[in-house]
Amino acid sequence: MDKLEFTVHEFMAIMGNLDETLAGKKAPEGSVYNEWYAQWKVLDERLEELDPMPRADMLFDGKVSINAITEPQLQEVIGVVNSQIAMHEKLIADDDEDADPEDLEIWQSKLSDLNELLKASDWF
């Protein structure tokens, strides 16, 4: 399988979404949340230590690579990306000050990449 690659921002948003959805409950066995939790927490601590400009650089220029993922985990990530798209579409529709069409395009592109990976016969 090709490795999955996310910007630090995408990775943090995916994990933050999963964390929020779980609302303090334990994630199901095999969830990407469990697999990626330690990496997420270390990265979060590193980001908190940075001044605003280096933090922004790391969020948008830094990469997180994932070398192995199961089909259910990929489906889980696709579900989170779909929720990110829905959130950004709502922000844009509501003319919210945080609305950013570029963010929506980034998540739509990520969804396309993940769906292509899911369709590939040799990804696992």
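Predicted model: local features only at pLDDT ≥ 70, side-chain atom pairs only at ≥ 80, totals over all residues.

Residues are numbered from 1 along each chain as its sequence is written, and side-chain values use heavy atoms, with hydrogens and water left out.

H1 has 15 residues and spans 21 Å from its first C-alpha to its last, close to the 21 Å expected, the expected span being 1.5 Å times one less than the number of residues.

Helix H2, residues 32–49, has 18 residues and reaches 25 Å between its end C-alpha atoms, close to the 26 Å expected. If you follow H2 along the model, you come to a bend of about 40 degrees at Ala38, which is the angle between axes fitted to the seven residues ending there and the seven starting there. In H2 the buried residues are Val32, Tyr33, Trp36, Trp40, Leu43 and Leu47, and what covers them includes strand S1 (4–7), helix H1 (8–22), helix H3 (52–61), strand S2 (63–66) and helix H4 (71–93).

What caps the N-terminal end of H2? It is Ser31, with a side-chain oxygen 3.0 Å from the backbone nitrogen of Tyr33. Ser31 sits in the loop between H1 and H2, and it counts as buried because its relative accessible area is 5%. Leaving aside its neighbours within four places in sequence, Ser31 is in contact with Gln73 and Glu76.

Now to the core, by which I mean a nonpolar core, a set of buried Ala, Val, Leu, Ile, Met, Phe, Trp, Tyr and Cys residues joined through side-chain atoms within 4.5 Å. The largest one has 33 residues, and those with the most contacts inside it are Phe11, Ile14, Trp36 and Val77. The elements that give two or more residues to this core are S1, H1, H2, H3, S2, H4 and H5, and its largest share, eight residues, comes from H1. Ile14, for instance, is in contact with Phe6, Trp36, Val77, Val80, Val81 and Trp107, if we leave aside its neighbours within four places in sequence.

Next come the charged pairs. Side chains of opposite charge can pair when their charged atoms come close. How many salt bridges are there, if we ask for a side-chain nitrogen of Lys or Arg within 4 Å of a carboxyl oxygen of Asp or Glu? The count comes to three.

One of them joins Glu10 and Lys110, whose closest N and O atoms are 3.6 Å apart. Glu10 lies in helix H1 and Lys110 in helix H5, so this pair ties together parts that are 100 residues apart in sequence. Glu10 is buried, at 6% relative accessibility, and Lys110 is buried too, at 11%.

Another salt bridge links Asp94 and Lys90, at 2.6 Å from N to O, and Asp94 is partly exposed, at 47% relative accessibility. Then there is Glu116 with Lys119, where the closest N and O atoms are 3.7 Å apart; these two residues are three apart in helix H5, so about one helical turn separates them. Glu116 is partly exposed, at 48%, whereas Lys119 is exposed, at 63%.

Just after H1, Ala23 takes a positive phi of about 45 degrees although it is not a glycine, and Ala23 is exposed, at 60% relative accessibility. Asp95, in the loop between H4 and helix H5 (101–119), has a phi near 55 degrees, again positive in a residue other than glycine, and Asp95 is exposed, with a relative accessible area of 69%.

Conventions: Helix = DSSP H or I, 4+ residues; strand = E, 2+ residues; numbered from the N terminus. Buried < 20%, exposed > 50% of the residue type's maximum accessible area, 1.4 Å probe, protein only. Contact = heavy atoms within 4.5 Å. Polar contact = N/O pair within 3.5 Å; in protein donor to acceptor, adjacent residues only side chain to side chain.
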